[in-house]
Protein chains: 2
Amino acid sequence: MLAHLEKFILSLQVARLSTLTPSGAPHTIPICFALFDNDTIYTPIDTKPKKDITKPLKRIENIANNDEVVVLFDRYSEDWGELAYVMAKGKAKLVSDEQENLQAMRLLENRYIQYRDQNYLPRGAKIIGIRVYDYTSWGNL
Amino acid sequence: MLAHLEKFILSLQVARLSTLTPSGAPHTIPICFALFDNDTIYTPIDTKPKKDITKPLKRIENIANNDEVVVLFDRYSEDWGELAYVMAKGKAKLVSDEQENLQAMRLLENRYIQYRDQNYLPRGAKIIGIRVYDYTSWGNL
């Protein structure tokens, strides 16, 4: 990834993850995230309240069925000369390796004080790892 | 639409539109928007610079091929007790009726000073109309 894309992405606290439902419709939610090694995005299943804890999370069902995802990083400004976005296309799966899970948790804790100090990310939390294969950028990055 | 969802959506200046590529992958970009009559979202093809003006816009190609879209409205805050989103599922198409196009332009100009004062929305600009059939909400709306 180019340095200016990385810098832009890391300047943001929230991104949007789009997955595909089993029927092939889009499904998009805001996410917290961390970057690793230029081409991997981690986003955790943290302990923010879920709509229905008796059902599996839609995003997890979706990537189990179809791993094709998009993560959108964008900046809005009243000055439209400052607008910018990066759309990352990737393949998503749950991180199954324990060492990788721990590493991703550390990266997330480094970025979010809420994960460090407020128990939003308990040890062993599920983490989605997205291997990015394409970046599209636009605007004043 | 419930009044508190509408109030939340109208408090935002930017949303994210997810469409489907012909190969069935998600495609997500930030959009400006206006609401009409509880179940219609308008988003224009304005004159912000495009990546490649020699090609048709991806979002237009996508909805011509598959009209299933999602619009995500969300608010981020450092106080995670204030996080919220509304995911609207809908069917998208270009507005073809001239009267509806004019009405949508007025709604967009009402919401954005950039459309009123900065020539970002020339008369006759293409506008995507999204008829929403489902809202999912989460968080502190």
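Two strands are taken to pair if DSSP finds at least two bridges between them. Strands (E, at least two residues) and helices (H or I, at least four) are DSSP runs, numbered from the N terminus. The model is predicted: local features need pLDDT of at least 70, side-chain atom pairs count only at pLDDT 80 or more, and totals for chains, interfaces and linings use all residues. Residues are numbered from 1 along each chain as its sequence is written, with chains lettered from A and ligands numbered from 1 in the order in which they are written.

In chain B, β3(B) and β4 (residues 40-44) pair in the antiparallel sense over three bridges. Leu35(B) stands opposite Ile41(B) of β4(B). The open sheet of chain B has seven antiparallel strands, ordered β2-β1-β5-β6-β7-β4-β3. β2 and β3 (34-36) of chain B stand at the edges with a single partner strand each, so one side of each has no neighbour in the sheet. From one strand to the next, the twist averages 30°. Angles run from 0 to 180 degrees between N-to-C directions; axes are lines fitted to C-alpha atoms, for helices over the stretch in contact. Contact between two residues requires C-beta atoms, placed from the backbone, within 7 Å. Helix α1 (residues 3-10) of chain B lies across β3, β5, β6 and β7 (127-139) of chain B, at about 80° to β6(B).

In chain A, seven strands form an open antiparallel sheet in the order β2-β1-β5-β6-β7-β4-β3. Its edge strands are β2 (26-31) and β3 (34-36) of chain A. Six bridges join β1 (residues 15-20) of chain A to the antiparallel β2(A). There, Leu17(A) has Ile29(A) as its bridge partner.

At the interface, 28 residues of chain B contact 28 residues of chain A. On the chain B side, β1 (15-20), β2 (26-31), β5 (68-75) and β6 (84-94) each supply at least two residues. That side has 16 nonpolar, six polar and six charged residues. Ala, Val, Leu, Ile, Met, Phe, Trp, Tyr, Cys and Pro count as nonpolar, Asp, Glu, Lys and Arg as charged, and the others, Gly among them, as polar.
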